[in-house]
Structure formats: structure tokens, C-alpha cells
Amino acid sequence: MSRLFRLCCWCWALSAMSLDRLPLALTATDEAEPDFIGQIDNVTVAQGRDAILSCTVSHLNDYTVGWVKVDTKAIQATGRRVVTLNSRVSVENIPDSPIWKLIIKSAQPDDAGYYMAQINTDPMKSQMAYLSVMEPPNIDDEATPSVRQVRENEPVELYCQATGQPVPIIAWKREDGTNISHDPCRHANDTQQKIVSSNGSLPKGHGRLCIASADRSSMGTYFCIASNGVLPSVSKRIQLVVLFPTAIRAEKPLVGAPAGVNGIGLECIVEASPLSHHLFWYFGNTSIGPNERHTMTIHKINAYTIKMTLAILNLRETDAGLYRCQAGRSEATIRLYIHNPMTTPSRSTTTKWMLDIRTTPWKERQPRTSAAHLAIIQSPVITTETYRSVTLNRHTSSQVEVLTSSNRPVQEVVYKNPSVHRSPPSSSTASDLNHQHRPTGQLMLMTSMIAILTQVISFVSC
């Protein structure tokens, strides 16, 4: 009896223990440990924009999500409570939502780095994401000089140091748009070949502009332009000055003009770097200053070239002589000579006259005084075998008017009879005009008589 009682008691104890453990097993199945769903994405924002890091957690229940900045190990937030003293940091979670967000307003470069989301399980569960803050380019003024000076034919290197995220790329451009010649720099890590631009700018990527031998054409203003995809791009002016001694030359070493002209200019070209401010004009050994008959002007052609001009008004014969233009210790000479005004001859004109002599048979011949008929016309005529033509040319100019058998201009004709030369008329009255044509008529009459006599002799001989 006692053994049976003990057996019953033992079975009851076992059944009680099983009933007590059953709820514990059911509870453990219902309360699964929290875990991350998916991976936290990296975030990239421009400087000044809001950055949002988010994670998704399942079965969080009574556990907590925390945020930590990895590089500084600074706790940003635990649950919905912000721990950091940074007022731009906040946490966002909608009740019963598995999404937890860490928000950084107006992100700055210092905010960039790795962030870790943690779940306070045992052991701890975590995920990391990287926050990248893009910075617009910025050129370091202290590391980038605004002016570079170098002597002519010496090498020069222009620097342009810029910061930003991502790292900026550099482009070079000349202010005047002329071509840029980029030579390999002398540094060992520069393996680029010589590049010559075609539009006044170099391809991006050159943080240094190297010129193996700077000359006068290299002088000017250069722009260093930095960009990295984040607006705005920035640029800086860099002035390259090439130093060389003063050189001066006369635009025209010999200048001539007639006396009495209103004015004449003497010009000298000066090339110097730096430009000389000591510019003078001399006539012989006498210095010339601005006055009522002399004016001086200076015109800048480019960064190293100027033109200095001396204007002389109401030119006189006493102004002839040697002039000197002086810039610093260099000078050039210009000789001015005065000549008498020349009268430009008028254009020579030629008029052709046809002397037509017609002969008749012997039986029909009239008395000798009327044996031939003379006609003078100014237009061409058709001749037959019974006609003979003699062409005379009237040459008219401001110096002479003659008749000759040559059709060349009057200046090229040599006259053996000086009686046909005469001066141009002083007035245009009718009597003068008749007087001018009188030698011409006489010569024509003489020519006609000679032609008639020749015809008569020929006829008689036949």
C-alpha cells in the first residue's frame, strides 16, 4: 500500500513539473529576439542639406535602438532620446513602426563618417553606414599666389590649390582667350606631355600650370577654375609678369611732309616690363613739352607695349631736324624733313583727228587750187582704195596742248618744234580759248598742204 502511494505521488510531481514548464516554452517561442531587416544604406548629401540615416528592426519589443558615431565613439541617441549635445541631431520613430531614423540637419563636413545602429541584445547586434557630405570647391588663397614674377626665358610654375569633397579638378584659362602652352613640370611625379590649347583653356585635372621658358607672349592674366560637381564652382585670377629690359623703336625713322600742313605725328613703340613712366621727347638736345604746337599722347597696346606719339601742328620749315623719343635709358631717333608742295599735273587727254584726202582722175581734175577736197572730222570714217588717211593726236594737259602723230601721253612725247608748247590758260574767257586753238589750226593747215602736195607729185609722176 505504501509503495503504491509513493508511486502516485511521484507521478503527480512529474505532471506538475511538466505543466509548469509548458508556459515557459510557449512564452519563449512568442518573444523572439529583435533583428535588423536588410542593410543600412550609405548616404551622400551636399553641404547644408539634411542627412537621414534609417534602419528597420523587427521584434524590438522592450529592447532599444541606439546610434553611435564610430570615429568619435559619441552616442547620438538611445531609443527616442537624443544624448549628444549637437542641436542639429534628432531621432524619429512612429509608434509600432519598425523604422528608426537618425536625422542630422544642415549637414557639415565634420558630420561625415561612419554611424552605427545598435540593438541592446546579448550579444549586441549592430549595423554601420557611411555619411558623405559633399563640399563645394574652395581655393586656398594663401597657397595660391595672385601674382607670379619671372625673368624672361626662365621656367615658371603656377599653383592652384583647392579643397572640396569630392576632390576638385582644376582647369586653366587665359583672360584674353589666347592659347596656353602647358609644358611638363620638373617634378618627378609629373609624366604629362606638352599640351597646347586651341581655345585659351586647358583640360581639367591640371593643378599646376608649367611653362618651360616664359616669354613676353606668356605674360597676362590666368584663371584657375575649380569644380567637383557641387555648385558653385570657384575661380581665382593669377597675374603672370615676365620681366625684361626696356626696348624702344621708331615706327617710321624717316618722315617727310610739306610745309604748312595742319599737323603730323611722330610715333615710337616702347616694350618694357615693368613699363617705364619716364617718357620724353627731344628736338636735338632740347626737351619738348606740351604747348600750343606740340601735343604728346600715350596709348597702351597690351600689358608690356605702349605707343608714344608727338603731334606737331602747323608744320614749319624750322621744324625739320632730328627728334628723339626716350623711355628710361633707351631712345630712338626720327628725322623729319620738309619739302615744297608739289603741283599734281592734270590728266592728259588725247583726241584723234582724221585727215581724209580724196583724189580724182586727171580728166576730171579741177584747177589745182581745188584738185583735192579736205575734210576734218572727229569720228572714224570708212576708207577705200581712193582714200588715204592720216591720224593726228591732240594731247591736252595742264602744261601743253599739241598735235602729234604719237598716241602716247603728252609727258612721254618729245617735241622738236618748241613753238607748239605753251602754258595752261589763266582764265576761261572766249578770247583765251580762241588763242589756245590757234596753233592747232595752223599745224593742221600745214599738214593738209603737205598731204595735198604729196598727192599732186604722186599723180604727176604717174
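How many helices and strands does the secondary structure of the protein chain come to? I found 2 helices and 31 strands, taking helices (H or I, at least four residues) and strands (E, at least two) as DSSP runs numbered from the N terminus.

**Basis.** I worked from a predicted model, in which local features need pLDDT of at least 70, side-chain atom pairs count only at pLDDT 80 or more, and totals for chains, interfaces and linings use all residues. Residues are numbered from 1 along each chain as its sequence is written, and side-chain values use heavy atoms, with hydrogens and water left out.

**Whole chain.** I noted that buried residues make up 32% of the 462 residues; buried means under 20% relative accessible area, exposed over 50%, and partly exposed in between (1.4 Å probe, protein chains only). I then looked up contacts (heavy atoms within 4.5 Å). Of those between residues at least 6 apart in sequence, 61% join residues at least 24 apart.

**F280.** I located F280 in strand β22, residues 279-283. F280 counts as partly exposed because its relative accessibility is 35%. Leaving aside residues up to four places away in sequence, F280 touches M308, R324, C325 and Q326. F280 and R324 lie 44 residues apart in sequence, and their C-alpha atoms are 8.2 Å apart in space.

I traced an open sheet of 4 strands in the order β1-β3-β8-β7, with antiparallel pairing. Strands β1 (35-36) and β7 (89-92) stand at the edges with a single partner strand each, so one side of each has no neighbour in the sheet. Two strands pair if DSSP finds at least two bridges between them; β7 and β8 (residues 99-104) are joined by 4 bridges in the antiparallel sense. In β8, L102 is the bridge partner of V91.

**Salt bridges.** I searched the whole structure and found 13 salt bridges, each a side-chain nitrogen of Lys or Arg within 4 Å of a carboxyl oxygen of Asp or Glu.

- D71 and K69 form one, with the closest N and O atoms 2.9 Å apart. D71 is exposed at 52% relative accessible area, whereas K69 is buried at 8% relative accessibility.
- E157 and R208 form another, at 3.0 Å from N to O. This pair links distant parts of the chain, 51 residues apart: E157 is in strand β12 (residues 156-159) and R208 in strand β17 (residues 208-211). E157 is buried, with a relative accessible area of 10%; R208 is partly exposed, at 24%.
- D176 and R174 form a further one, the closest N and O atoms being 3.4 Å apart. R174 is buried at 4% relative accessibility.
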